[in-house]
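This report is meant for someone meeting the structure for the first time.

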Protein chains: 2
Amino acid sequence: MAPDSPDVSRTRLDTYVDRYAARTQGMTASEIRALFAVASRPEVVSLAGGMPNISGLPLDVVGAAIADLVTQRGPVALQYSSGQGDPTLREQICEVMALEGIEAHPDDVVVTVGSQQAVDLVTRVFCDPGDVVICEAPSYVGALGVFKAFQCQVVHAEMDADGLVPDALRQAIAATRAAGKTIKFLYTIPSFHNPAGVTMSAPRRAEILDICRSEGVLILEDNPYGLLGFDGEPMRALRADEAEGVIYLGSFSKTFSPGLRVGWALAPHAVREKLVLAQESATLCPPAFNQMAVSAYLQAHDWQGQVKQLREMYRERRDAMIEALHDLMPAACRWNVPHGGFFVWMSLPPGIDAKAMLPRAVTARVAYVPGTAFFADGFGSGSIRLSFCYPTPERIREGVRRLAGVLEEEMELRATFGATGGHALRLGELPRSGYDGPGTDLS
Amino acid sequence: MAPDSPDVSRTRLDTYVDRYAARTQGMTASEIRALFAVASRPEVVSLAGGMPNISGLPLDVVGAAIADLVTQRGPVALQYSSGQGDPTLREQICEVMALEGIEAHPDDVVVTVGSQQAVDLVTRVFCDPGDVVICEAPSYVGALGVFKAFQCQVVHAEMDADGLVPDALRQAIAATRAAGKTIKFLYTIPSFHNPAGVTMSAPRRAEILDICRSEGVLILEDNPYGLLGFDGEPMRALRADEAEGVIYLGSFSKTFSPGLRVGWALAPHAVREKLVLAQESATLCPPAFNQMAVSAYLQAHDWQGQVKQLREMYRERRDAMIEALHDLMPAACRWNVPHGGFFVWMSLPPGIDAKAMLPRAVTARVAYVPGTAFFADGFGSGSIRLSFCYPTPERIREGVRRLAGVLEEEMELRATFGATGGHALRLGELPRSGYDGPGTDLS
């Protein structure tokens, strides 16, 4: 514990290794995190990250609104505020949710530091170690990280082209309960799923709600992409048809700015009270400044017009990706066509391991996320997530071309040597799933 | 679970009452929180809250810096960033800490959503249910809330006019270990203590460090007020003399703006890695915008000159409070004279209950925080925290005058009826401690 050798500490063993909480065993660096450093090199086409493209934001409007906020309302915007969040913003949030058929009261909304924090607070409030959370297969890597960090067990239920499969959900519930375990909630992303690209159809939504009502399973509906559909009006949220059995999570990260970290949870009243207490413990209050900045932007700007532009930009990129996949990918690849959001889920030709292939892809200057990142149980090695949100259509096509080249080589190697590459590049010996995700037969 | 009766849900019993995690039993509304609504009425002089006075901030400078940030660096400031925090800000944080004798590397700093989140993340990383955290008696209410929420047991150790008492710490360590419990860390606020107003002397710091080194107890040093001393140079931080055994927490909430929620933890390298993973799970990343705003402010403005002005303003208010206490309080009251920070700790005349008296004080248009808020074990009912940070010197004197009036009446009632007020106003039957805090014999 001597303070005189700071450089040595870099290489020293962790002196605290025996002192951490048990939950830290579930806190490991995500595969996406390790990729960020690589994918940010300019020569690499990153089809990996989920960063929204904010280049179209009216920076002059935002800058002026924020400067006014400081000079005219600085003493409030720069001060502590309430744990629940700014009342005006909570009213505006209810107006945003009304676009998806939700009738809600601002008093049932809690503002969070991005909707990631909402997942964290809900899990903190509901989950003891060993409790089960049912998730789609695959599911959002950031939510899986929270569930692991709170020592939950994740049980996956399959999806098809219409989203979560009712029988798979019923089976997951029955099997979990038969094993004597407690289900705390179903975590679902019904619209423009991350990473699966699938959207739960309207009849399917009714069916899933029915199952959860009759089984008494709370639903955690995560909906960051709901307003980013490419065809017609937004779908009705699950929460629009069930107030008491659903906690709904929303975010301004995809419709405005992720750098302000403003998300929210809409919850049944008693749960909302618990979430505010958890928020006060976690941060005292979310930043007043950011909330008032979002509020001012919503008021000062035609934000819905802006979202319409975003939808058009993302649709163009989706089209570019699907066209390139169609033109360039080996015949054995399968993918779906998302109707909104940021992601395409692609299954690789049989026998190719997504994780083992990644270093070669990066050498060929293209990055993706291996499917294993989106399963809590090591499955998914035969699939990858491709995101079309950030690169331009030209770069997307170039990225797909590079990836197709890597795949062709992999298949050739495999045909010649019967395995994926040399030993040095085999990054893991994970079980290969028979099921690797939904809707990859839609191409 | 029918969605058709949203109003009824307000009065309905909590249908989730059996489903919450065990940790929610430790999540209760703090006494300070309940007071905020009352204390914000303009006719009440609040000596309760710990809100910094930010009226002196150069809003034109801040507004211009932030507007530039949006228009010139918007694509970065409004985007996702790293879980560890902005590298430039982390360098500046090291310069800030150097003012207290700390030599640190930016790579060992994690930016947090206020230093409250730093307490939360450290506790999350270290504490399993039942683990012990040693805290000063009294201690910061917000930290006690985190320890409770993570199901820790808090063991208090007494302070005197020089801060935490070495023998009390030794005794707390020995007794805890004798009981077979695990101590995860000592939580301490060495400078300008909240709520006790006391500062740990230099020799005492060396002694406390020695004890923790030899006993192998990690120190969590919370130092939001360190630069707000009224006399001379800042004290050397504990971390300045011990790098491996101390996690240091800092904040821009008191030296710049609490509404941006930018704090940090400086930790031994291996711990820092765990904290970043915990941060990624909690929020993905703290808001880039806020970090760059603080960074721009530190660069664009003579922030140390600003802090000097803050010190002078707070010293003037401290003087106003001490003078008013001296002139107006009943002889049986005792308080200390803080040399920095925001708070005076006052012990009431024997037999007067701080919580029971509070409603009468608010009726007399003055608010304070009862001492019980700062103990995990119900002690502290004979003391109160008085803050001098927010009201003007004139309002402070008026608040003290009102409080003195309430106290005189209480003492008179007590002399006549032998107890504190009527039954209707007795808010609790908490144990009355023989020890109620430090340094109250310094008046």
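## The interface between the chains

In this predicted model, 93 residues of chain A are in contact with 93 residues of chain B. The size of an interface is often given as the accessible area lost when the parts come together. For chain A and chain B the buried area is about 7700 Å², and carbon and sulfur atoms give 60% of that area.

Across this interface there are two salt bridges, one of which joins the side chains of A:Asp120 and B:Arg124 at 2.8 Å, N to O. The interface of chain A and chain B also has 39 residue pairs in polar contact, both residues of each pair being at pLDDT 80 or more. On the side of chain A that touches chain B, the elements that give two or more residues are α2 (59–77), α4 (114–126), α5 (141–149), α7 (202–215), α8 (269–283) and α9 (288–300) of chain A. The residues on that side of chain A divide into 49 nonpolar, 23 polar and 21 charged.

## A helix of chain B

Helix α10 of chain B, residues 288–300, has 13 residues that should span 18 Å at 1.5 Å a residue, and its end C-alpha atoms are 18 Å apart, which agrees. This helix, α10(B), is mostly covered, since 10 of its 13 residues are buried. Among them are B:Phe289, B:Met292, B:Val294, B:Tyr297 and B:Leu298, together with B:Asn290, B:Gln291 and B:Ser295.

| Residue | Relative accessibility |
|---|---|
| A:Asp131 | 9% |
| A:Ile396 | 0% |

A:Asp131 is found in the loop between α4 and β3 (132–137) of chain A, and because its relative accessibility is 9%, A:Asp131 counts as buried. The side chain of A:Asp131 reaches the backbone nitrogen of A:Asp128 at 2.8 Å. Not counting residues up to four places away in sequence, A:Asp131 touches A:Phe126, A:Cys152, A:Gln153, A:Thr182 and A:Lys184.

A:Ile396 lies in helix α12 of chain A, residues 393–417, and it is buried, with a relative accessible area of 0%. Leaving aside neighbours within four places in sequence, A:Ile396 is in contact with A:Leu47, A:Arg317, A:Ala320, A:Met321, A:Phe388 and A:Pro391. The C-alpha atoms of A:Ile396 and A:Ile183 are separated by 41 Å, and these two residues are 213 residues apart along the chain.

Technical notes:
Residues numbered from 1 in each chain as written. Chains lettered and ligands numbered in written order. Predicted model: local features only at pLDDT ≥ 70, side-chain atom pairs only at ≥ 80, totals over all residues. Heavy atoms only, no water. Contact = heavy atoms within 4.5 Å. Buried area = accessible area lost by both parts, 1.4 Å probe. Salt bridge = Lys/Arg side-chain N within 4 Å of Asp/Glu carboxyl O. Polar contact = N/O pair within 3.5 Å; in protein donor to acceptor, adjacent residues only side chain to side chain. Helix = DSSP H or I, 4+ residues; strand = E, 2+ residues; numbered from the N terminus. Nonpolar A, V, L, I, M, F, W, Y, C, P; charged D, E, K, R; others polar. Expected span 1.5 Å × (residues − 1). Buried < 20%, exposed > 50% of the residue type's maximum accessible area, 1.4 Å probe, protein only.
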